Amino acid sequence: MAKEEFKIRKRHLSHWEYTHGIYFITFRVKVGDLSTAERSIVLRHIVDGSIDYYDLFAAVVMPDHVHIILGPREKYILSRILKGIKGGSARKVNIQRNARGTLWQGESYDRLIRDYNDLIEKGEYILNNPVRRGLTTNPWDYKFTYFNADIF
């Protein structure tokens, strides 16, 4: 049986890392908003990462922030995954903008999902975030959302 590991790292926020954990993650744009083309780029990057690095449960890319539920795959830790998501998506958005510089705020918020009810609650939060923000009236119509309906 594999050894379960639990670590707490701290910057301004505490970041808990647990082997085989599932996380609800939020990070914000440093300045301004993402265009529709940029939101599409960010979502595609997040979905593509699930091929090798993590199991993706849900994600939504809003104009000024991103929410994700994911579970790191064996050999990958959350901090490295977030560096890849934020760094890779920033590079791609900067190419689109023909710009340089920081796209995302430095620190992300992450929270371990505690049980199935918590997973459902966070999944519904992600799904309904565009409705609450007035970006759509039907959450299934918002095209910058990934939602694994087999899980929920």
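Buried means under 20% relative accessible area, exposed means over 50%, and partly exposed lies in between, with a 1.4 Å probe and protein chains only. This is a predicted model, in which local features need pLDDT of at least 70, side-chain atom pairs count only at pLDDT 80 or more, and totals for chains, interfaces and linings use all residues. Residues are numbered from 1 along each chain as its sequence is written, and side-chain values use heavy atoms, with hydrogens and water left out.

**View 1**
Helices (H or I, at least four residues) and strands (E, at least two) are DSSP runs, numbered from the N terminus. Two strands pair if DSSP finds at least two bridges between them. Strand 4 pairs with strand 5 (residues 65–72) in the antiparallel sense, over 7 bridges. The two form a hairpin, with 3 residues between them. Strand 4 also runs antiparallel to strand 7 (residues 145–147), joined by 3 bridges. Alanine 59 shows both contacts of the strand: its bridge partner in strand 5 is isoleucine 68, and in strand 7 it stands opposite tyrosine 146. Valine 61 stands opposite valine 66 of strand 5.

**View 1**

**View 2. The largest nonpolar core.**
A nonpolar core is a set of buried Ala, Val, Leu, Ile, Met, Phe, Trp, Tyr and Cys residues joined through side-chain atoms within 4.5 Å. The largest one holds 39 residues, and Ile46, Ile68, Leu70 and Trp104 touch the most other members. Strand 3, helix 1, strand 4, strand 5, helix 2 and helix 3 (116–132) each give two or more residues to this core. Strand 4 supplies the largest share, 7 residues. Contact means heavy atoms within 4.5 Å. Leaving aside residues up to four places away in sequence, leucine 70 touches residues including Ile22, Tyr23, Phe57, Ile81 and Ile85.

**View 3. Aspartate 64 and arginine 28.**
A salt bridge is a side-chain nitrogen of Lys or Arg within 4 Å of a carboxyl oxygen of Asp or Glu. The structure holds 7 of these salt bridges. One joins aspartate 64 to arginine 28, with the closest N and O atoms 3.0 Å apart. This pair links distant parts of the chain, 36 residues apart: aspartate 64 is in the loop between strand 4 and strand 5, and arginine 28 is in strand 3 (residues 23–28). Aspartate 64 counts as buried, at 15% relative accessibility. Arginine 28 counts as partly exposed, at 35%. Arg28, Asp64 and Arg133 are linked in a network of salt bridges.

The side chains of glutamate 38 and arginine 97 meet in a salt bridge of 2.6 Å, N to O. Glutamate 38 is in helix 1 (residues 36–49) and arginine 97 in helix 2 (residues 78–97), 59 residues apart. Glutamate 38 is buried, with a relative accessible area of 6%, whereas arginine 97 is partly exposed, with 34%. Arginine 39 also lies in helix 1. Lys and Arg count as positive and Asp and Glu as negative; His and the chain ends are not counted. Arginine 39 is buried yet has no salt bridge, and the nearest side chain of opposite charge, glutamate 38, is 7.3 Å away. Not counting residues up to four places away in sequence, arginine 39 touches Leu34, Val61, Met62, Pro63, Tyr142 and Phe144.

**View 4. Helix 2 from end to end.**
The expected span of a helix is 1.5 Å times one less than its number of residues. For the 20 residues of helix 2 this gives 28 Å, and the end C-alpha atoms are 28 Å apart, which agrees. Its buried residues include Leu78, Ile81, Lys86 and Asn94. Asparagine 98 follows helix 2, and its phi is positive, near 55°.
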